[in-house]
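Please look at the structure before you turn to the solutions.

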Amino acid sequence: KRRRSAMTPIERLFALEQFGIKLGLDAMRVLLAALGNPHVAWPALHIAGTNGKGSVSAMTERALREAGLATGRYTSPHLFRVEERIALDGRDVETTRLSDALARVFAAVDRLVAEGALAAVPTYFEVSTAAAFLVFAEAGVDVAVVEVGLGGRYDATNVLTPVAGAITSIDFDHERHLGTTLAAIAGEKAGIAKRGVP
């Protein structure tokens, strides 16, 4: 096992996978504030659901790009490379750009943990989401399409106040975290709904 300081930022991200899922928005809000709130620098479309959210995200981003907008897209999971999760104008983020964003996220994490502002290191998904939001802010995207990772209400992406949201079809998924009935699961997905946001 390599020492944390000897790991690349991407290796350090993958080392977080062993800690699993932790739903909640508090750590994400603290981390993003320390990074200058990059998620408010661009308008977002937020997409939740069980089936079809990846397709809806891809089609929506493509339509926005064809309309002449500079786009970001954040999806999960990836198939082959973590860079697939973050796209700028339809292309996977470059490894160096992702690594730089992750390095800045981890520097903020280490400082916040040392100061006691964070009780623990955020999860893989929280760190990758923060890095995506930094990439989008620094690239100056006109709009980003952001797919929920798990559920909605307590998903790390739900710190967004999007210009619009979508919920695709609902089915049984992640029952341990979201509930054992379709109504409970739908309620968690509907957690992305915000007053005044169509």
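**Exercise 1.** Which residues of β2 point one way and which the other way, and are they buried or exposed?

*Solution.* Bear in mind at the outset that the model is predicted. In a regular strand the side chains alternate between the two faces of the sheet. For β2, Thr71 and Arg73 point one way, Gly72 and Tyr74 point the other way, and all of them are buried.

**Exercise 2.** Why is strand β5 largely enclosed by the rest of the structure?

*Solution.* First consider burial, for which the cut-off is under 20% relative accessible area. Five of the five residues of β5 (residues 143–147) are buried, so the strand is largely enclosed by the rest of the structure. Finally, look for another strand paired with β5: β1 (residues 44–48) runs parallel to β5 and is joined to it by four bridges, with Glu147 as the partner of Ile47.

**Exercise 3.** Describe the surroundings of Arg85.

*Solution.* Arg85 lies in the loop between β2 and β3 (86–88). Its relative accessible area is 7%, and it is therefore buried. Leaving out residues up to four places away in sequence, Arg85 touches, among others, Arg73 and Tyr74, as well as Tyr124, Phe125 and Ser128.

**Exercise 4.** How many residues does the largest nonpolar core have, and which have the most contacts inside it?

*Solution.* The largest nonpolar core has 41 residues, and those with the most contacts inside it are Trp42, Val105, Phe133 and Phe136. The elements that give two or more residues to this core include α2 (26–34), α4 (95–115), α5 (124–139) and β5, and α5 gives the most, with 10 residues. Setting aside its neighbours within four places in sequence, Phe133 is in contact with residues including Met28, Leu32, Trp42 and Val146. A second, separate core of five residues includes Leu45, Ile47, Leu64 and Val145.

Terms used. Residues are numbered from 1 along each chain as its sequence is written. This is a predicted model: local features need pLDDT of at least 70, side-chain atom pairs count only at pLDDT 80 or more; totals for chains, interfaces and linings use all residues. Side-chain values use heavy atoms; hydrogens and water are left out. Buried means under 20% relative accessible area, exposed over 50%, partly exposed in between (1.4 Å probe, protein chains only). Two strands pair if DSSP finds at least two bridges between them. Contact means heavy atoms within 4.5 Å. A nonpolar core is a set of buried Ala, Val, Leu, Ile, Met, Phe, Trp, Tyr and Cys residues joined through side-chain atoms within 4.5 Å.
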